[in-house]
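Subject: Structure handover: strands, helices and their packing

Hi,

My notes follow below it.

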Amino acid sequence: MKIAMINGSPKPANSNSAIMLRTLDPLVSAGNELTYYNLNKKPLTPEQYSELCRMDTLVIAFPLYVDGIPSHLFRMLAALEEHLKAERGQEIYVYAIINNGFFEGRQNHIALDILNHWCIRAGLHFGQGIGQGAGEMMGFLEKVPPGQGPLKNLGKAMQSLADNIQARSTGEAMLFSPNFPRFAWRFSATHSFWNAAAKKNGLKKKDLLRKL
């Protein structure tokens, strides 16, 4: 089976979407041909769009942007839709991996609906989507094995997604938060992420609270 692993993050490097795809890779690589596409470097070529039309499965990983799909990924999907109308020769299944900055993974449900409706327009099968809350934690937890500790829910969701990809079947959306107390996540995000980023850019903590 030919599987396209599409990184829809706008980040040039170290994206949470890339981490998610790397987590999925060993669960679906056996016996399949995986090809990676990164939308954060440059637009896809006509040849790459044609390649996607010949895939059996598309796995699209991306971050939540204003409860929806990032604009550059949206443009890519619109362009791919036109290619699919002219070039698709077989049934294609689509699976999604979304991460968002809110603690609650359920915040990803609108983006999943958007992708589902796009699949209907493009004549594709929407297989399953999973949505990780507190996505910015992923970079700090990359050495934690999926299915353990704060990534217990992610491990279960990834296994469900992998099983459905292997079987080319459908499954219910799985939207979840990390196995980590919300108050501890908020404290860590404030002191280890936002305050640290402010200091790196020459700002103080009070600058983050200043009203414009």
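The notes cover the sheet and then the helix pairs.

This is a predicted model, where local features need pLDDT of at least 70, side-chain atom pairs count only at pLDDT 80 or more, and totals for chains, interfaces and linings use all residues. Residues are numbered from 1 along each chain as its sequence is written, and side-chain values use heavy atoms, with hydrogens and water left out.

**Sheet**

Helices (H or I, at least four residues) and strands (E, at least two) are DSSP runs, numbered from the N terminus. Strands pair if DSSP finds at least two bridges between them.

The sheet is open and has six strands. Their order is S2-S1-S3-S4-S5-S6, and the pairing is parallel. S2 and S6 (174-176) are at the edges with a single partner strand each, so one side of each has no neighbour in the sheet. From one strand to the next, the twist averages 15°. Angles run from 0 to 180 degrees between N-to-C directions, and axes are lines fitted to C-alpha atoms, for helices over the stretch in contact.

S1 (residues 2-7) and S2 (residues 33-38) run parallel and are joined by six bridges. Met-5 has Tyr-36 in S2 as its bridge partner. Between S1 and S2 the chain passes through H1 (residues 16-28), in a right-handed β-α-β crossover. Right-handed means that, with the strands pointing away from the viewer, the path from the first strand over the helix to the second runs clockwise.

**Helices on the sheet**

Contact here means heavy atoms within 4.5 Å. H1 lies across S1, S2, S3 (57-63), S4 (93-99) and S5 (125-132), at about 160° to S1. H5 (residues 152-167) lies across S1, S3, S4, S5 and S6, at about 170° to S5.

**Helix pairs**

Two packed helices are described by the angle between their axes and the distance between the axes.

H1 and H5: the angle is about 50° and the axes are 9 Å apart. The pair is therefore oblique. Angles under 35 degrees count as roughly parallel, over 145 as roughly antiparallel, 65 to 115 as roughly perpendicular and the rest as oblique. The H1-H5 crossing is right-handed. A crossing is right-handed if the near helix is turned clockwise from the far one by less than a right angle, and left-handed if anticlockwise. Among the residues that meet are Met-20 and Leu-24 in H1, and Met-158 and Ile-165 in H5. The contact of H1 with H5 has nine nonpolar, three polar and no charged residues. Ala, Val, Leu, Ile, Met, Phe, Trp, Tyr, Cys and Pro count as nonpolar, Asp, Glu, Lys and Arg as charged, and the others, Gly among them, as polar.

H3 (residues 71-87) and H4 (residues 109-122): the angle is about 25° and the axes are 10 Å apart. That makes H3 roughly parallel to H4. The contact includes Leu-77 and Glu-81 of H3, and Trp-118 and Arg-121 of H4. Seven of its residues are nonpolar, none polar and two charged.

H2 (residues 46-53) and H3: the angle is about 65° and the axes are 9 Å apart.

Best wishes
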